[in-house]
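Biologist: Hi! I've just opened this one for the first time. Please walk me through it.

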Amino acid sequence: MRHLVIRRVIQTLLIMLTVSALLFAVFDSDQFRKKIAVAELGNFGAATLSDSDYQAWIVSKGLDQSFPARYVTWLNHVVHGDLGVSIEKDVAVSTLLKESLSSTAVLAFYVFLIMIPVSLMLGVLAGMKEGSILDRVISVIAVFTTSIPQIATAALLTVVLALGLRWVPTKSAMIDGFSFRELLLPLLTILIYEIGYLVRMTRSAMADVMSSQYIRTALLKGLPYRQVVLKHALRNALVVPVTLILLELTGLLSQVVVVEVFFQYHGFGRMLFDAANFGDIQVIQAATLVAVCVAVASQLLSDIAYVLLNPRLRVA
Amino acid sequence: MNVDNDREHPLIPEAREQLTHGLMDRREFIRLATLLGVAASSAYAIAGVTGPAMAGDNLPFPAVDPKAKRGGKLRIGQTVGRMHDPATYAWNEMSNQTRPMLEYLTMVGPDNVVRPMLVDWWKPSADLKTWILHVRPGVMWHNGDELTADHVAWNIRRWADPALGSSNLGLSTFVALTELTGAKDAKGKALRRQLPNGVEVLDRHTLRLNLSQPVLSVAEDCGEYCTLVLHPSFVAPLSKHPIGTGPYTLAELRVGERCILKRITHMTNGQPFHYWGGEVFLDEIHFYNYTLENATAALASGSVDATYELTVEQLELAQSLPGVQILSVPTAQTLCCRMQVDVKPFDDIRVRRAIVKAADNAAIKQLVFGDHGQVANNCHVAPIHPECFPLPPVVRDVAGAKRLLKEAGYAHGLDVTISVGNNDGPWQQAVCEALRDQVKEAGINLSVDVMPEQRFWEVWNKVPFGATSWAHRPLGTMALAQAYRSGASWNETHYSDPAFDQALSEAEASINVAERKIKMQKVEQILQDAALMVQPFWRPVFSLASSRVHGYQPHPARQIQLNKVWMS
């Protein structure tokens, strides 16, 4: 186990180095410098600059240094905990990151809080008796909810719940501070897709286990059905969904871009979207580091969970 | 040095004479008189018409509503940008956030008439090359200093600085404060430097602009969105060191989230702050970051009280909402589906004429904006412009278009592509698609290349056939000078015709609107005959506000002006 953790940490660092170097290289082009000038001064403002004045502007923003020089400086700052300043928002990247991550964490917390029990329960119920009416109903609904793109769900929920029934506000900008009512639409949009997905996975894992030899043997032996499900089937059936749930942490970070932008929720996804549109390189870099961390950490957690849940791997 | 107090321009008595004898209509007279520095209220009075009620003589604000109540906060939905340096603001919304705090030298009203703001009068010379600006006395900065001519001169010099990267250098006044050095940069762009004596301070409240060429639009240019007046102690970002002359100051800015402005009661020196512009009603102004697509929905659920703009796509949704007011104003904002005259096949005027003839401007307008907006004439001068000469409407002629194509050697059809960036909304794409369907009948296969906004701005003046949106300009000559004069900075069609240049210069030299209007006939006709573009319509600007908001007026250049707005 210790080896696994150490290996993953080293992997994380290597991935971070590679990805950040790649990003720096991508952003080290005249085109991107021009993009920043246009974003800052406007198209017409940037166009009024002569070549030498444009170069002077580039120097004033520190964009003139070579790629390795800028990368090494940036790396040095990051190691010392300084993630730089957002050129779009005139604020420290660390502040921006802290605020946006905590907003997204709130959203993620509620997503997991609801998603885990609901989808595991429905998935197990459906997978217990493959082909039963309950299975059919749950499966059809799950396929349906996973086949609608989130942007469509978001629009549909807005029209019905916010504009039609007026139960919730249309947007989730939280302008008067945190409000659970405003969180509902983004939450539902994510849940509708995620629950469907997890239900399908749990159901197929459960169905697999239920059709395996040892369950059949247990049932033929005359053990009560309830006991077979709870004691023998469930634990094995949950291995896959639990690892998936942990991997969902990464999936969520990319899904929130659509949902947060649509509902104007000030989280990590919106921050990334704004930064990508502006060419706000420091913010993109920091966000990427976070994304890599989350991806590797969730991978690690799911590996650990897999080992813990699967007795066959414990000896290895 | 003192300036003579005889402020009436020599043209005023002449214009009054023309008005009396019916040679000039009232609207034109008001235009000319305000341009020459007569207070708008006096101009309306001389013309014998009731103008829009104003807060006071020589004040740019609308009259105070007797029912107006003090207090409350107005929440506006618009994109919230950073407030770094007003002279280099990239978008208008940034100016909206700043306008309650910093002010202009002049203010262009919702009626497209320019009025004095931080300068209380101005006077051009007969050749329009020298302009006297008089700074309004008694205007206080938030730090306790009084606004002086030196402060204004500092700002104007900055706007004319070629190294700043300000879009103000697209405005004639500030270009005329520079001169060509004769040198060119690596890309062949002619270098400019500031005139050494372009801005001259005459006394504490008076300054003179000595321009390198005649400029008609000094007053209008001084009210453009990047000309907010800064205190000379300014250090960017403005959001960290806000000092203005307006009735509000910045309390909080979170880019992409919110911008909160609060009434200023005391200056930083502890003395009470007296605002020069009279009574102001709102306690707080809040901008919340909702993009155009989101703002209407935000207003529907009560998250904001007003929006920056209501897009035509959301008009129907807005009409279904209870307790809201939909406001609209005619503008000179437009879309030019323009062709480059030196690129095949558009270098053949018969091809350009065929495309123009195959288009039905009125039908496109009806399709995209319904009963709103005004049909345009392919010559980029709008009915809202004071000097607009009404050319007869362009008529669709498919047979004529086919004939021209045949003559040009495209008897079996012509394949062309138009690029569009939807930077002013998806309606632009709808225009191109309508055009595609119309020109098809003449045997022209038009494909529409929709590109992301940012990508479009990289190529807007490079594509042979492109749909460019043009912002509102208060005068008709302004866009023509920027876009169609030989070698002009934004000449995207590469059009160059000495006859047009001369006709335009003659029009620009006429401060007398009636005279200019006559000269504009030639200008407009040359441009229309050159078949540079299909310019289907002038679009209206809509905005949306809750019925609790009073005095919220849409503006042709989308400037939000809140001095006399109140909440019930």
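Biologist: Let me start with a detail: which residue is the bridge partner of Cys337(B) in S19(B)?
Modeller: That is Val534(B). Strands here are DSSP runs of E with at least two residues, helices are runs of H or I with at least four, and both are numbered from the N terminus. Residues are numbered from 1 along each chain as its sequence is written, with chains lettered from A and ligands numbered from 1 in the order in which they are written. Please keep in mind that this is a predicted model, where local features need pLDDT of at least 70 and side-chain atom pairs count only at pLDDT 80 or more, while totals for chains, interfaces and linings use all residues.

Biologist: Thanks! In which sense do S14(B) and S19(B) pair, and over how many bridges?
Modeller: Strand S14(B) and strand S19(B), residues 533-534, are antiparallel, with two bridges. Two strands count as paired if DSSP finds at least two bridges between them.

Biologist: Which strand has eight bridges to S14(B)?
Modeller: That is S20(B), residues 537-546, which runs antiparallel to S14(B), residues 324-339. Within this pairing, Ile326(B) has Leu544(B) as its bridge partner. S14(B) also has six bridges to S18(B), residues 465-470, again antiparallel.

Biologist: Where can I see a parallel pair?
Modeller: Look at S16(B), residues 414-420, and S17(B), residues 444-450, which pair in the parallel sense over seven bridges. Asp415(B) stands opposite Asn445(B) there.

Biologist: How does the chain get from S16(B) to S17(B)?
Modeller: The chain passes through helix H13 of chain B, residues 427-440, in a right-handed β-α-β crossover. Right-handed means that, with the strands pointing away from the viewer, the path from the first strand over the helix to the second runs clockwise.

Biologist: What is the strand order in the open sheet of four strands?
Modeller: The order is S4-S5-S9-S8 in chain B, with antiparallel pairing. S4(B), residues 119-124, and S8(B), residues 199-203, are at the edges with a single partner strand each, so one side of each has no neighbour in the sheet. Neighbouring strands are turned by 20 degrees against each other on average, direction ignored.

Biologist: Zooming out, how many helices and strands are in chain B?
Modeller: Chain B has 17 helices and 22 strands. Its radius of gyration is 24 Å, close to the 24 Å that the globule rule gives for 568 residues, so chain B is as compact as a globular protein of that length. That radius is taken over C-alpha atoms, and the rule is 2.2 Å times the number of residues to the power 0.38. Buried residues make up 54% of chain B.

Biologist: When is a residue buried or exposed?
Modeller: A residue is buried if 20 or more other C-beta atoms lie within 10 Å of its own, exposed if 12 or fewer, and partly exposed in between, with C-beta atoms placed from the backbone.

Biologist: And what is chain A made of?
Modeller: Chain A has 15 helices and two strands, and 36% of its 316 residues are buried. Take its helix H13(A), residues 268-278: eight of the 11 residues are buried, so this helix is largely enclosed by the rest of the structure. Among the buried ones are Phe268(A), Met271(A) and Phe278(A). Their cover includes H2, H6 (93-128), H12 (239-263) and H14 (281-309) of chain A. Gly279(A), which follows H13(A), has a positive phi, near 85 degrees.

Biologist: Last one: how many residues does each chain bring to the contact?
Modeller: Chain A brings 31 residues and chain B brings 34 residues. On the side of chain A, helices H2 (30-41), H3 (43-48), H4 (51-60) and H8 (150-164) give two or more residues each.

Technical notes
Contact = placed C-beta atoms within 7 Å. Axes fitted to C-alpha atoms, helices over the stretch in contact; angles between N-to-C directions.
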